[in-house]
Structure formats: structure tokens, C-alpha cells
Amino acid sequence: DATAVSPSQAYNELFSPQAQCLDDPDGTLYPSKDELLAKTHAAYAAAIEALENADDAEFCKENPNERMRGKFPTMGAMHAFYIGGHTMMHVGQLSTWRRVMGLGPG
């Protein structure tokens, strides 16, 4: 049950792939970094807990998503990617943004 960490309707609209990205120099359009990090950490903690408590047989099941099955044939492979590799891809995007903005690596 991901209800506690599911994004609100406002978040879904704000961060939708169809949403127009806008400059926000006054910090009034988008949530604060602290809010976003808190929500991210809560969601990942819930995901890790769910994975730790899942029956191992669940990870051996075929991935029901046909489009993703070629890359991640099992539920275990898909979850391993999303909890690890997918996050690292986005961290890489942040690292690129920091360099573009003239900031240090950390």
C-alpha cells in the first residue's frame, strides 16, 4: 500500500511529463528542496521495506510489463533497476546540472 507516499494530484500535475518546465527564481512554483528530499526519502524507505518483506518467489515472476520485459524479464530485475540504477541515472542528471551551474560536485 503506497498511499502514504503516493504523489498528490498537485505533484502529478506539476511534475507530469507533459508539464511545461518554468523558471522559478523566487521559489514559488515548485516545492522546496527540503520538501522534495523528505518525500523522496520516505518513498524509498517504504519501497525498501516492501522489498525486504516480499516473498522471494515474487521476484522470480515474469515482468507483466511487456514493453519493459526485454530489459527486465523478472519482477526482481525490474525492482533492482528501479531501486538502484534508475535513481543513479537521475543523480547523474543532478550532477550535470550542478556542473552547468558552476557548483562543486557535492
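The following legends accompany close-up views of a predicted model.

Figure 1. Along the principal axes, the C-alpha atoms occupy a box of roughly 50 × 30 × 25 Å. The radius of gyration of the protein is 17 Å, whereas a compact globule of 106 residues would have a value near 13 Å. Buried residues account for 8% of the 106 residues. Of the contacts with a separation of 6 or more, 23% join residues 24 or more positions apart.

**Figure 2. The largest pocket and its lining.** This pocket has a volume of about 1600 Å³. Its lining comprises 32 residues, and those nearest the centre are Leu36, Leu37, Thr40, His90 and Leu94. The elements that contribute two or more residues to this lining are helix H2 (33–53) and helix H5 (75–100). Helix H5 provides the largest share, with 12 residues. By class, the lining of the largest pocket consists of 18 nonpolar, 11 polar and 3 charged residues.

**Figure 3. The second largest pocket and its lining.** The volume of the second largest pocket is about 380 Å³. A set of 13 residues lines this pocket, with Val5, Ser6, Pro7, Tyr11 and Lys39 lying nearest its centre. Helix H1 (9–14) and helix H2 each give at least two residues to the lining. The largest share, 5 residues, belongs to H2. The lining of the second largest pocket divides into 8 nonpolar, 4 polar and 1 charged residues.

**Figure 4. The salt bridge between Lys61 and Glu58.** A search of the whole structure identifies 2 salt bridges, and one of them pairs Lys61 with Glu58. The closest N and O atoms of this pair are 3.0 Å apart. Lys61 is partly exposed, its relative accessible area being 42%. Glu58 is likewise partly exposed, with a relative accessible area of 38%.

**Figure 5. The salt bridge between Arg69 and Glu62.** The side chains of Arg69 and Glu62 meet with an N to O distance of 3.9 Å. This pair counts as a salt bridge because the distance criterion is a side-chain nitrogen of Lys or Arg within 4 Å of a carboxyl oxygen of Asp or Glu. Arg69 has a relative accessibility of 24% and is classed as partly exposed. Glu62, in contrast, is exposed, with a relative accessible area of 55%.

Figure 6. When neighbours within four places in sequence are set aside, the contacts of Asn63 are Met68, Arg69, Phe72, Pro73, Thr74, Met75 and Met78. Among these contacts is Arg69, the residue that also forms the salt bridge with Glu62.

**Figure 7. Ala4, an exposed residue in the segment before H1.** Ala4 belongs to the segment that precedes H1. With a relative accessible area of 79%, Ala4 is exposed. Ala4 and Ala80 are separated by 76 residues in sequence. In space, their C-alpha atoms are 22 Å apart.

**Figure 8. Thr28, an exposed residue in the loop between H1 and H2.** The loop that holds Thr28 lies between H1 and H2. Thr28 has a relative accessibility of 63%, and it is therefore classed as exposed, for which the value must be over 50%. Thr28 and Ile83 are 55 residues apart along the chain. The distance between their C-alpha atoms is 30 Å.

Note on methods:
Residues numbered from 1 in each chain as written. Predicted model: local features only at pLDDT ≥ 70, side-chain atom pairs only at ≥ 80, totals over all residues. Heavy atoms only, no water. Buried < 20%, exposed > 50% of the residue type's maximum accessible area, 1.4 Å probe, protein only. 1 Å grid on protein atoms, 1.4 Å probe; cavity = no way out; pocket = protein on both sides within 12 Å on 5 of 7 lines; lining within 4 Å. Points joined across faces, edges and corners; volume = space filled by probe spheres on them. Helix = DSSP H or I, 4+ residues; strand = E, 2+ residues; numbered from the N terminus. Nonpolar A, V, L, I, M, F, W, Y, C, P; charged D, E, K, R; others polar. Contact = heavy atoms within 4.5 Å. Rg over C-alpha atoms; globule rule 2.2 N^0.38 Å.
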